Every structure is written in C-alpha cells, then in structure tokens.
Amino acid sequence: MTATPSPLQRLRTVLDDAVLAVTGGERPKSAPTLERPKQAAHGDYATNAAMLLPKIVGAAPPMIAERLSVALSEHLGDDLLGIDVAGPGFMNLRLSDAWLIAALADVLAAGDDYGAAGATQAGTAESVHLEFVSNNPTGPVHIGGARGAAFGSALANLLVFHGHRVHREYYVNDHGNQVALFGASLQARARGEEPPEEGYQGEYVTEVASRITDAATRPVDEVALEGIALMVAAQKASLEAFRTTFDQWFSERSLHQSHDGQPSKVDEAFAVLAEQGRTYEQDGALFLRTTDSGDDKDRVIVRADGRPTYFSSDVAYHHDKRVRGYDRIINVLGADHHGYVARIEAAFVALGGTKEQIELLITQFVNLFENGERARMSKRAGEFVALDDLVADIGVDAARWYLLARSHDTTIDLDLAEAREQSAENPVYYVQYAHARIKSILARADAGETTAAREDDAVKETAIQSSERELLLALLAWPDEVAEAADRRAPHRLATYALSLARGYSAFYRDCPVLAADLPDDVRARRIDLCRATAQVLAGALGVLGVTAPERM
RNA sequence: GCGCCCGUAGCUCAGCUGGAUAGAGCGUCGGUCUACGGAACCGAAGGUCAAAGGUUCGAAUCCUUUCGGGCGCGCCA
C-alpha cells in the first residue's frame, strides 16, 4: 500500500498552509473543501475556504480570498495558472499542464495502490467485524440475502481497500424451532408426505431430503442437522458463485453448547449482564433492561419455563463479538429486522460496549417484478426468488451492479424481464466496455501500432485538451471517492463514479486520438498514460464492487 | 397509535454531515458512421427536489409539522 500522498492531498496541504498563513495559525471549524466545480468554466478546482474564515479573520470573504490567493500563488508558483474569486467568495483555481502531467505520473506510479489505504495514511484504520447475509439455513439464499451479500461483500472490499482490516462473518441460525420444523418437513418429504402446515413447502425440501440417507426413519433431529448442513453448503456455493465469501460461518447452536464443564457463551453473557445489573426477574422470566439504551421495552432473554429466547442468542453472539476485540462491529440486516436495531444496540451497550462501536446497517427491500407482476418471496411457501435464479437469469455482473448501484437504504424495484431484455443496455456493460476498449488500445500501443494520420492541425497541439483535462481530473478524484464511500458505508458511490469515469473516457476517446501517426511523441505518451490510468482506476472500482473488468467482450 | 426507512425528470435512481445554473441510465424526439472496439457519440424535450413553515450570506441537503408509500412493533425464530 502506498504511503505517498495523492496529488490532490498535496494540493490540500498547500491550501491548508495558505489558510493558516492568513488566519495566523487558527483553523476553521470545518475543513475547507477542494473540489471540482460543477461547471468546467469555473476552473480545475474550487474551494470555499474564504467563506469559512470571516469570523476568524474579521473580513469579508472576497477580501480573504484575495489574501489566500496571494499565499497560494507563493506556494504553487508556476503550477498555478490563475485564481478567480467568484460569487459569494468561491475561489476557482486553474492549474498548469505541467502540474497535471506530474499528477498523472503519480497516479501511474502508485499503480493498483492508487486510492488505497486512505485510512492507514490518516491513522484511522480499524479492525472491523462485518456480519452480513445471515440467511436462515432452512432454505436457499433468497433475493433479500442477495442484496445483503452484494452490499456486504462490496463494503468489505471497500473497507479493505481503504486500509481497514475486515473479518467477514455469516451467522447461521441453526438453533431453535425452525430447525425442528425443517427436520419435520424433510422427514415428511422423505416419507412421501406433505410437510407440516407451518413447515417448509418449497420444492428444494424434497430434493434435500433425497440426499439424506434414511431420512424417513432416522431420528428427526439428526435429519434436521444433516439438512441444515446441506443447506449451509448450498448457500456457501451460491454465495461463492456470487463472489461473496466469508472468513467464518458462526453457528448459533454453538452459543448454547458447553465444553468440558465450561459455561456456554449464553451463560457467559448472562453472567456479564447480571454483574452489570442489567437484568431482572419478573413473572418468572429474566429480562434485559434494554430501555436503558433507548429500546421501547425491556426484552425477555429467558422465559418463565427456563427456555432461552432467540434474543438470548443475539446477546451471547454480541458478547462473543465484543470479547474477540474489534474496533468496530458492523451488522448488515434486512429491512424486516430494523425493529431489532434498538435492542441489539442496547444489548451491546449492556455487555460493556459503546454505541459508537456498533453499526447496524439496514438494506431495504428488493421488489422483484416479472412482466409487471410482483414476484413472491416467501421462503416458507416456496415461491421465493433465489439468488441462484437471479444469477442464472441476468448474470453475476449485472446482478451485482443492479443491487450495488443504489444506496442500501433505498428500496429497489427491479423488473426481471426488463433487466433480462435490456442487459445489453445495462450501465455495467457500458463501464466494462470502456475498460475493454482501453485494453484493446493499450495492446496496440504496446505493439507499437499507429493509425492513419488525419488532416487535422488540432492534433499537433501539445497542450492538454479539455476532455483530457476532464478525464484526468476525474482520475484524481478517485482517492476522495474511496474515502467518502468507505466512511459513509456507501459502495454504491463507486458505481456512480465508475459510470461517470467511463463517460469521461468516452469523451476523451472521441476527441483525442491516441495512436495517430502524426501525434507528437509527448502527446502520444501522455494519452497512453491516460488510458493506462483510466483502465487501472476502472478496474479498481469494478473490483471493489465485485464486478469483472474484462479485457475483451 | 408508536418507531425506522423512503418521496428528486415519463420510468429506475444518484446528489443529502449546507455551497455557484439539481444530474445519470433507460424511454421519447432529432442528428452523427473511412483515426484506436458502433455494446459508440452528439443534441433536444422533460423538474414548484411531495407540501408548508423555520434556521442563514446560501437549503434537494439541517429543524418542525402535514400528506403519501414501505417495513416493524411476540416470553416466534
């Protein structure tokens, strides 16, 4: 991982120095922005620095802007072509071609590490426990799990790229009623009977039952456990095909087991809670005082008859996560579990954690339509849409893109028929196409090829053209995009970025020949470098999303 | 009733810890084809950012209320 600051970071340092020079050492409350303005006419970068300082400096923004301009000019010298002060006090910077070319060289020198490890550089890298999917092991991974898988795996990739250490974990609910119900359903199918009314009705039940020897006659709990094991293996395969892997599959059942006379994890957690005075008995049941931390009501963890509730598993699980010692714990939950956020946070705090340490991210629903009709997703009814079906239908790349291009916090309406028919129009192919096209050009360049010259004096011009400049500035924004996306747990931002970068490349490709025979050597070299850098960043963005960056299509 | 999420172009969605004239894809309409991959490119139409107040130099973004939609409110898991 590179430790050298990116071109934009260096520019920020210069701006920071200029601010300190003008204020006499005092910093504004919020750091000044240094961003590309919406309109290219406003220059290469714009900063709001002058508008943040009136109270500190005791002058109006335009006046401050003038002073900042002087300081910036001194620092940047010839690299700075000019500064305009506009509007309420924005400063628009224009940078020299030499600065841009040097920046491009930096991007290429950093290679695949360009944009990586921002958290490491900033000293904010953390060890992260990331739990996601945690689909019930009584059926295949369904569409909700697919969204959780896409989001969780991309978030993991993103956090790792940004410099964090991530442990990916899947929580297997292999304990309790549903396991018994699954066993009963399997056995019924093995006997050629209908499953219990509240049992699992899907066709896969019969199929799984057929793979369990003597399922019709063996004790039902053995059948259940074997069935669960088969389902977990099937889920693992589905998820791996979906480019989603885990460092650990954590068994809920293991929380209730004790070894060699040692207390179970559940007992351990209960002991901690009792010690902290977080539990109390009422009507014979044991309650956890979750209202201490904002829950609506206290929650039962042991019923009056002595059986622990499902929530007790969650309590024990989070106790275990906590003692394993991560800086941060992130749970990705489906929308139907948002009601549990308060109690899980409360349990975590009761166990000795802090609210800042734990994040519960809710992925909203995916509404699937098939020819305008709502596709059913009830697993118990067996009419769910499985991850495998989605992948078989529209492919891994398109499926991941569709699920990742939008914020995890917004509901997705996805018409399968439309996604299928329009697959060639899917933006993911546009991005991939740009990458493949660049690779093709680079292969030609490496082979020393040139293309016919055209009667066009413009290509003799050595100065950086506007679409080159736009593309390069977009590439320079990559580290910021990564940091922003990682800090906000928003991998979808990289999809948006990748799409706009691909568009930027298209404009460059339209305007600027790369291999034309009459190009000056330095222009040709610069444009090849731009192609290389673009391919590198596109591949990086797609890689984080778990989408392939093909050499050919 | 209470809680969480959402409401931005015809459709699907970005933009949201305040910044300049609110963007993209698809769809629609009209153009471009002998330089590197046409799975392309260019242009146009299309918006009271659900509504109303408030905060301030400035609000799609923050606060309040209202309306509309989704989901959740078990000693089920």
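A residue is near a molecule or strand if one of its heavy atoms lies within 4 Å of that molecule or strand. For classes, Ala, Val, Leu, Ile, Met, Phe, Trp, Tyr, Cys and Pro count as nonpolar, Asp, Glu, Lys and Arg as charged, and the others, Gly among them, as polar.

The model is predicted: local features need pLDDT of at least 70 and side-chain atom pairs pLDDT 80 or more, while totals for chains, interfaces and linings use all residues. Residues are numbered from 1 along each chain as its sequence is written, chains are lettered from A and ligands numbered from 1 in the order in which they are written, and side-chain values use heavy atoms, with hydrogens and water left out.

**First stop: RNA strand B**

Select RNA strand B and the 63 residues that surround it; the closest are Phe90, His338, Arg493, Arg503 and Pro513. Of the RNA strand B atoms that come within 4 Å of the protein, 59% belong to sugar and phosphate.

Helices (H or I, at least four residues) and strands (E, at least two) are DSSP runs, numbered from the N terminus.

- Arginine 503 has a polar side-chain atom 2.3 Å from a phosphate oxygen of RNA strand B.
- Glutamine 178 places a polar side-chain atom 2.7 Å from a sugar or linking oxygen of RNA strand B.
- Tyrosine 509 has a backbone N or O atom 3.4 Å from a base nitrogen of RNA strand B.

**Second stop: the largest cavity**

A cavity is a set of points, on a 1 Å grid over the protein atoms alone, where a 1.4 Å probe fits but cannot get out; lining residues have an atom within 4 Å of a point. There are two cavities of 30 Å³ or more.

Select Arg147, Phe151, Thr363, Leu403, Leu404, Arg406, Ser407, His408, Arg489, Ala490, Pro491 and His492, which line the largest cavity. Its volume is about 60 Å³. Helix 7 (143–162) and helix 16 (396–404) each supply at least two lining residues. By class, this lining has five nonpolar, four polar and three charged residues.

Finally, select Leu11, Leu15, Leu34, Leu72, Leu76 and Leu93, the lining of the second largest cavity. Helix 1 (7–23) and helix 4 (61–76) are the elements that give two or more residues to this lining. The space inside is about 30 Å³. Six nonpolar residues form the lining, with no polar and no charged residues.

How values were computed: 1 Å grid on protein atoms, 1.4 Å probe; cavity = no way out; pocket = protein on both sides within 12 Å on 5 of 7 lines; lining within 4 Å. Points joined across faces, edges and corners; volume = space filled by probe spheres on them. Polar contact = N/O pair within 3.5 Å; in protein donor to acceptor, adjacent residues only side chain to side chain.
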